[in-house]
Amino acid sequence: MVTPKRLLMAATVLTAVATAPPLGAQEKPDWQALDRVMADGLDSAQTWRQRWSLFFAGSAVFSALSSAGADTDADEYDGRVRAITSTLGLLDTIIKAPPHLSAYRRHHAIDRDAPGALADARRNARALAQAEQSRTGWRGRLGSLIVNGGAYHAIAEEDGRHDDALQVALTGMLVNEIKLWTFPRTMSESSVIGIGQAAVEVETDVYLTANGIGAHLRF
């Protein structure tokens, strides 16, 4: 005999089965988090690349025009040197694309129905984070050091003006530091971290009190 209690238990089980998400949907939050960070990284990288390309292009044109209209030979020479260094900066920005573009393509090329697809996506995300750190490390400063060192040599040794040479070189190094400081670090600074086989999004709140600095982490 079917009792009301058994009917209630059966209805509860059927309801739980009917409302449970499918197996593939259990990974959906992980994919959503990675999709969002990849999209943010792509947008930031494209914006960064476009703005710095415009900056170097404008600087190269302005320096060339300043050199052409200079009143002294020294100003004309400095203008030509700045035009060359700005052009090199423009070429570097255009040719050396941010790693977010290729990482975004690899991410969306993954077959999400294939075994281990989510693990591949997380490996791609970790590779992007490492690439971001590499681009903002010493490798990102080596090219600028060579270019601005050449600018210093051109003005100081070939034109005999060490103070002006130092000013041009330090200005170029400062511009490169700002360029690296504004470089997108979407993945390396992302709140999406790996825990076991899942990607967990963490929300952080940092606060300052009279007793020190504290932080709240919300999973």
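A crossing of two helices counts as right-handed if the near helix is turned clockwise from the far one by less than a right angle. I wrote that down before looking at anything, and I also noted that this is a predicted model.

**Entry 1: helix 3 and helix 6**

I started with this pair and looked up the handedness. Helix 3 passes helix 6 in a right-handed crossing. Next I checked the geometry: the axes lie 10 Å apart and the packing angle is about 165°. Angles over 145 degrees count as roughly antiparallel, so helix 3 is roughly antiparallel to helix 6.

Which residues of helix 3 and helix 6 meet? On the helix 3 side I listed Y77, D78, V81, T85 and L88, and on the helix 6 side V147, A151, A154 and I155. Sorted by class, this contact has 7 nonpolar residues, 1 polar and 1 charged.

**Entry 2: helix 6 and helix 7**

I moved on to helix 7. Its angle with helix 6 is about 165°, and their axes are 8 Å apart. These two are therefore roughly antiparallel to each other. The crossing of helix 6 past helix 7 is right-handed.

My contact list for helix 6 reads G140, R141, S144, L145, N148, A151, Y152, I155 and A156. Across from them, helix 7 brings H162, D164, A165, L166, V168, A169, G172, M173, N176, E177 and L180. I sorted the contact of helix 6 with helix 7 by class and got 11 nonpolar, 6 polar and 3 charged residues.

**Entry 3: helix 3 and helix 7**

Parallel or antiparallel, how do helix 3 and helix 7 run? I found that their axes cross at roughly 20° and come within 11 Å. Under 35 degrees counts as roughly parallel, so helix 3 and helix 7 are roughly parallel to each other. Helix 3 passes helix 7 in a right-handed crossing.

By class I have 2 nonpolar, 2 polar and 5 charged residues in the contact of helix 3 with helix 7.

**Entry 4: the largest pocket**

The largest pocket has a volume of about 750 Å³. How many residues line the largest pocket? I noted 35, with F56, T85, G89, G172 and V175 nearest its centre.

Then I asked where the lining comes from. Helix 2 (28-68), helix 3 (73-95), helix 6 (139-156) and helix 7 (162-181) each give at least two residues. Helix 3 has the largest share of the lining, 10 residues. By class, the lining splits into 11 nonpolar, 16 polar and 8 charged residues.

Methods:
Residues are numbered from 1 along each chain as its sequence is written. This is a predicted model: local features need pLDDT of at least 70, side-chain atom pairs count only at pLDDT 80 or more; totals for chains, interfaces and linings use all residues. Side-chain values use heavy atoms; hydrogens and water are left out. On a 1 Å grid over the protein atoms alone, a cavity is a set of points where a 1.4 Å probe fits but cannot get out, and a pocket is an open set with protein on both sides within 12 Å along at least five of seven lines; lining residues have an atom within 4 Å of a point. Grid points are joined across faces, edges and corners, and a volume is the space filled by probe spheres set on the points. Helices (H or I, at least four residues) and strands (E, at least two) are DSSP runs, numbered from the N terminus. Ala, Val, Leu, Ile, Met, Phe, Trp, Tyr, Cys and Pro count as nonpolar, Asp, Glu, Lys and Arg as charged, and the others, Gly among them, as polar. Axes are lines fitted to C-alpha atoms, for helices over the stretch in contact, and angles run from 0 to 180 degrees between N-to-C directions. Angles under 35 degrees count as roughly parallel, over 145 as roughly antiparallel, 65 to 115 as roughly perpendicular and the rest as oblique. Contact means heavy atoms within 4.5 Å.
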